[in-house]
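Me: I have a structure open and would like to learn how to read it. Could we go through some features one at a time?

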Amino acid sequence: MPRRTDIKSILLIGSGPIVIGQACEFDYSGTQAVKALKEEGYRVILVNSNPATIMTDQNLADRTYIEPITCEFVTRVIEKERPDALLPTIGGQTGLNVTLELAEAGVLEKYSVELIGASVEAIKAAEDREKFKEVVAKCGLESARSRIASTMPQARATAAYLGFPLIIRPSRTLGGTGSAIVYGAAEFEDKVRWGFECSPIHEVLLEESLIGWKEIELEIMRDRRNNAVVVCGIENIDPMGLHTGDSVTVAPVQTLTDKEYQRLRDGALTLMGAIGVDTGGSNVQFAVDPKTGRQIVIEMNPRVSRSSALASKATGFPIAKIAAKLAAGYSLDELPNDITKKTPASFEPSIDYVVVKIPRFTFEKFEGADRTLGTQMKSVGEAMAIGRTFCEALQKACRSLETDRDGLLGGPESRETNIAALKEKAAALNPSRIFQIARLLELGSSPEEIYSLAGYDPWFAGEMRRIVEMEAEIRAAGLDALDDFALLTAKRLGCSDRRLARLLEVDEALVRSRRHAAGIRPAFKTVDTCAAEFSSDTPYMYSTYERDSDAEPTARKKIIILGGGPNRIGQGLEFDYCCVHAAFALREAGFETIMVNCNPETVSTDYDTSDRLYFEPLTLEDVLEIVHRENPWGVIVQYGGQTPLRLAEALQEQGVPIIGTSPAAIDLTEDRRKFSDLLDRVGLRQSESGTAATGEEAAAVAERIGFPLLVRPSFVLGGRAMAIIHNHQELNKYIQESVSVSFDRPVLLDRFLDNATEVDVDAVCDGTDVVVAGVVEHIELAGVHSGDSAFMLPAQSLGLGIIAEIERATRALALACNVEGLMNVQFAICNRELYVLEVNPRASRSVPFVSKVTGVPWAKVAARVMAGETLRELDTLGTYGKVLAFAQYSAAAARIPYVAVKESVFPFAKFRGVDTVLGPEMRSTGEVMGVGDTAAGGFYRAQVAAGTSLPLGGTAFLSVRDADKDGAVLLAKKLNKLGFKLVGTRGTAAYLSKRGVEIEEINKVRDGSPHIVDRLLSGGIDMVINTPEGTGPLLDSRSIRSTATELALPLFTTLAAAVSAVEAIEQLKRGKKFEVRPIQEYLSLIAISN
Amino acid sequence: MKGKKKKAVLALADGSIFQGEAIGADGETGGEVVFNTSMSGYQEILTDPSYAFQILTFTCPHIGNVGVNDEDVESARVQVAGLIVRQFSGHYANFRARSSLGDYLRQNNIVGISGIDTRALVLHLRNYGAQMGVISTADCSAGELVDKARALPSMEGLDLAKDVSTDRAYDWRQGVWRPHEGYRTFPDEELNGRPLCVAFDYGVKYNILRLLVEHGFRVRVVPAQTSVDDVLRMSPDALFLSNGPGDPAAVKYGVEAVRKLIGKIPIFGICLGHQILGLALGAPTYKLKFGHRGGNHPVRNELTGFVEITVQNHGFATVASKMPQGVELTHLNLNDQTVEGLRLKEAGAFSVQYHPESSPGPSDARYLFREFRELVESWRTGR
């Protein structure tokens, strides 16, 4: 069955912003799907609100709508594009949900859009728990005993039937939001209520507990001819009870006999057919009772997923790409195996290595959040590692996490000597559990004890114990008595040089030279889908301590790009986007490109992205071994965020050719004193600042420059441990607590510029010329981390004069810092004066956004610059547009006839009880972009895309600082005219009513009840406009903002944002439909490139 | 670490040497070194008689994780001549396990080696072909072992079926394994009256016999060299040709017998049985460079277009280009376009190269047993 010719155009729906449970794996799968369908000659139309993705690059799909993924907006896209078909299975739960809405609204029928891949019935059968259980039973399989409840009495009755413990699963939520395990009646009602709240249809499933059972997931593919294969089985080390996204997982399955495994396989394939998934990938999750072998079907996702991305990386079988081709009509046997190219895709990968995935948590970002894990996913990213054995893969995974671990053992848990206390900790589901268990093994616990404590299969614990035993021998031997065999054994168990150094109490470099002297170096083997049965040319590599390597390096001129490691808040998709662009650009320039990364969710770790992929931890040891093998012409460290930057200095010391801005220049911008001198030299202003290594020093600095202060440790990303401090008491507390954050680096203190407008600038410098890619204006309160802030491009409220000044300052900074490649500068404009907040000579989070808006792939431009080309040469070449036009940024920006707005999304729903007020510590997981002819249009789309709906009436609360009061008058009058009731705190209300605004005065919290927070909680406010005077923690405004966020009310903290919002409301009320327009059309409006 | 584990050496006939640790019994063993890419079911594989005189390399690195039990056996003993693994598990866990794989190997006196770069070995075999090898746990020189490997007889021309076949005929009563129930032995009253399937045992896997019973046959297993007259004297309704080790062309008595039986009763052959049927029909066989062994080979049923994921274990194959008149190629290997199935429709004879009984591996092709049963039924009612 060849590809279908009856359809010509296909609509794809992406997954939108990165949220917990739905991250960049959907950029990976979406990008694959777009490419695969274009390859087949289809016209591909894409809707995705996430600008930081590769899939929304202008030259990927034919038409790219960076628009909100809502029924309303997608309907408009369908109206406009009239696609023949819609492939709903590559955009995660978001894609499926919108597809269901479109179907229910009759849109698909009205415009004759055929669903390919999965039908509405199939999606419903998999999504609707009752229907799903029916199908499971029909297949002769077993489900957990359960019942649906939508009222509390129903829930109580069900609990009586099932007994405790039981599981609560709210219907139709993402990543298990609102799910919980209930151990007794005491906590039952509260958790049920929360579950109701989380479910969009106010419904929960109560289920028999399978806690402690093995959890196994199968990734399956099916084509139109009913051919079906299992791509990969993934086994969770953590048993049932912990969300699979938060579990440490292993592929292939290690602890089942064939009879057990084949039952799962037969069951999964039967189920996929019965659910009615026509074509594509699905996953089925099972629980297996370790005592009896009883098997229970947990759930099925009739779409590509996080685990299908993992399975693709683990096996080399590109699930999303094949799924897209199957949806287009091919059968599996008509498609080639992507790796071998010679054998067909209708096979099941055999892998001759072990893959371990380990979740990455960022609880340190969410003070007060409950760290207990359960059935609701809380991790924000993951690392994957490949080794020839479980131990090797596990230890590589541990050091890939970038949580300062050198392996399974030796982390903070190793200080714990109290077995009982440790057992108590490890018995509870928590982010460090596997390390606590490793420590218990070190303290003498047996695998059987671990099994009864935590449900780890004794085989896993037994393997972990081999690491414990090895380490004991190494420690006992000491460096001098250590023989080569023992050293090799340690390396084969995945032991890092750094860990060996700690065990032997010597320097890491010494271990390395000893190892090299013994001739012990890693071999590099390929992931080839077939356990070496067939030859393959795809150099997808991993290191292991074995005799032979597979694919020898080439003699070509190569550039290694170091990726960003696991996703975490502050380092995510944006950096991966930049790495991918570097790989593309340098390949275009004729280099062999080599990617090193350990994040299975990303496009960068698609073996198609670079000429060669090393799926490896980003540690000094691992990178040095790759460099030794490949002997690259250059290594890029400035694209993967903090991860590779941290290695820059040490790599350079080892003679590794780092290209682009030198580590010394990077250091210059990080070193306060040097940087101040530099600013003086180029005549730029910075807010008063100081550094302090002790509390006394900090107090002295504070005396000198005054409060409020912005305080942070040096060398941080994503605002880690950054805070605004208002008095000495807060400062003391901060100094004491931040010491553990970054003990060997001083604390930086800056005078915080209250009431400033903040600006992010991205620029590229080649040493001679500087181009300014974009000046984005923050429309969030000053002091909010730029990663969390909403911003606009082109800037709307800055005058041309100040933009020209920014341009000059940026140029001066780039040249003075000897930047070669990308640079990001944050400025503040305070009382019409320009201040430099910080300079980062590296890729920044805003690069993808700026590239999307300007139509110039800046990361590519900068990569070529790093590889030796000049901006002038690139301008002449023209591949990336007339880049030199941006040397006069203000002129270039003036030619952009539309406004793009970035808005951030936050994981607060996953972390109950956390302070939701934004500040200098970044906490957003993802971003969306809205584009419109006006700021209001862009702003509105961004709000909708981020899940905020603007009210068309009701009550608006206003509280503005003095500087904004004039501007607020017009705004308030407009709101009056639009029919809004207004309430305001005393000062604002008095000021406005004096000027003819109808506004009711309401108490501040400190004035006593009934006050504004009471009103908010009672549901009496529909929109909050709050531009506070300062950011003090004791201020009223703080509780107002946190309450508004918790209630998911529209909240605007700058006048610019409020004005845009009100304008958008006005237009909506006038009946304006916000038309959709693909990014390609917007970009064609810019006259720059002609 | 050092000194704790006994060393072992693998020597190949071409002079390659791999140093590792001894697993299983002490001693020395020789055979054809081959590899299997299955990721589960090592116990079934080790007890598969088709592996006679072969040293088996598992590409799956961890072997031994789930121990061994009394159920997952495909014959009465471990059949491989030796085994090679990357990481042997001394410890194991599974609710059905009865002992460790190490103890099992020692009880069966099987020599093995662990800790070697099995991927390097597999690449070597892939590039240079399967070849003879010796594993030794004794302290002898590598050169000596290479000489021993070279002295071993070639697999070509070797009839191993007669060695692994049963000595005398017997009835088979066991059905397939079911979760929580295990195997069921069918009582005579249930088996009496069923069509009789005589199964030539060239090294038969139990699961084939179990499936025949499950599909409504009364099964009588007979030695490989049973004469045609003896077979006909049993008045069978069906004839089954089993899998087995060695070179099919060397099983001359089998080919002769089958030639005489074609057309008289419906015939179903698996693996070696397939090759023997092909030879009897006039389709020659040849030795593959390194064979097919694993649980993931795509095979297309040319009659339906459906692709099956199959279990494979064969070093020889039927020549595709020399299909005799009237013989249809029914199944094709999509990896290398080799013959995976054939039939002579009017004679009621068909066979597949792969293992529809799986165990271990995917059960996609179990329908063939149903088809065989239906074929037999149509012959019975048609007469």
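**Reading a two-chain model**

Reply: Note at the start that this is a predicted model. We can begin with a helix: the buried residues of α32(A) are A:A935, A:A936, A:G937, A:G938, A:F939, A:Y940, A:R941, A:A942, A:Q943, A:V944 and A:A945.

Me: Which elements do the buried residues of α32(A) pack against?

Reply: They pack against four elements of chain A: the strands β29 (791–793), β32 (899–905) and β33 (926–932), and the helix α37 (1055–1069). After α32(A) comes A:G947, with a positive phi near 95°.

Me: What about nonpolar residues in general?

Reply: In soluble globular proteins, nonpolar side chains tend to be buried together. Here the largest nonpolar core has 464 residues, and those with the most contacts inside it are A:I220, A:I561, A:A582, A:V764, B:A199 and B:L212. Helix α20 (residues 573–588) of chain A gives the most to this core, with 10 residues. From chain B, domain 1 (7–151) and domain 2 (161–380) each supply at least three residues of this core.

Me: Which residues does B:L212 touch, leaving out those up to four places away in sequence?

Reply: B:L212 touches B:C197, B:A199, B:F217, B:V219, B:F240 and B:F369.

Me: How many residues of each chain are in contact with the other chain?

Reply: For this, look for residues that meet across the chain boundary. In this model, 51 residues of chain A are in contact with 45 residues of chain B. On the chain A side, α9 (258–275), α16 (458–481) and α17 (484–492) each supply at least two residues. The one that gives the most is α9(A), with seven residues. By class, that side has 18 nonpolar, 14 polar and 19 charged residues.

Me: How should I read paired strands?

Reply: Look at the sense of the pairing, then at which residues face each other. In chain B, strand β15 (residues 285–301) pairs with strand β17 (residues 328–333) in the antiparallel sense over three bridges, and B:V299 stands opposite B:N333. β17(B) also pairs with strand β18 (residues 339–344) of chain B, in the antiparallel sense over four bridges. There B:E328 stands opposite B:R343.

Me: What lies between the strands of the hairpin of β17(B) and β18(B)?

Reply: Five residues lie between them, and B:Q337 takes a positive phi near 60°.

Methods: Residues numbered from 1 in each chain as written. Chains lettered and ligands numbered in written order. Predicted model: local features only at pLDDT ≥ 70, side-chain atom pairs only at ≥ 80, totals over all residues. Contact = placed C-beta atoms within 7 Å. Nonpolar A, V, L, I, M, F, W, Y, C, P; charged D, E, K, R; others polar. Buried ≥ 20, exposed ≤ 12 C-beta atoms within 10 Å, placed from the backbone. Core = buried A, V, L, I, M, F, W, Y, C linked by C-beta atoms within 7 Å. Domains from an automatic or database assignment. Pairing = 2+ DSSP bridges.
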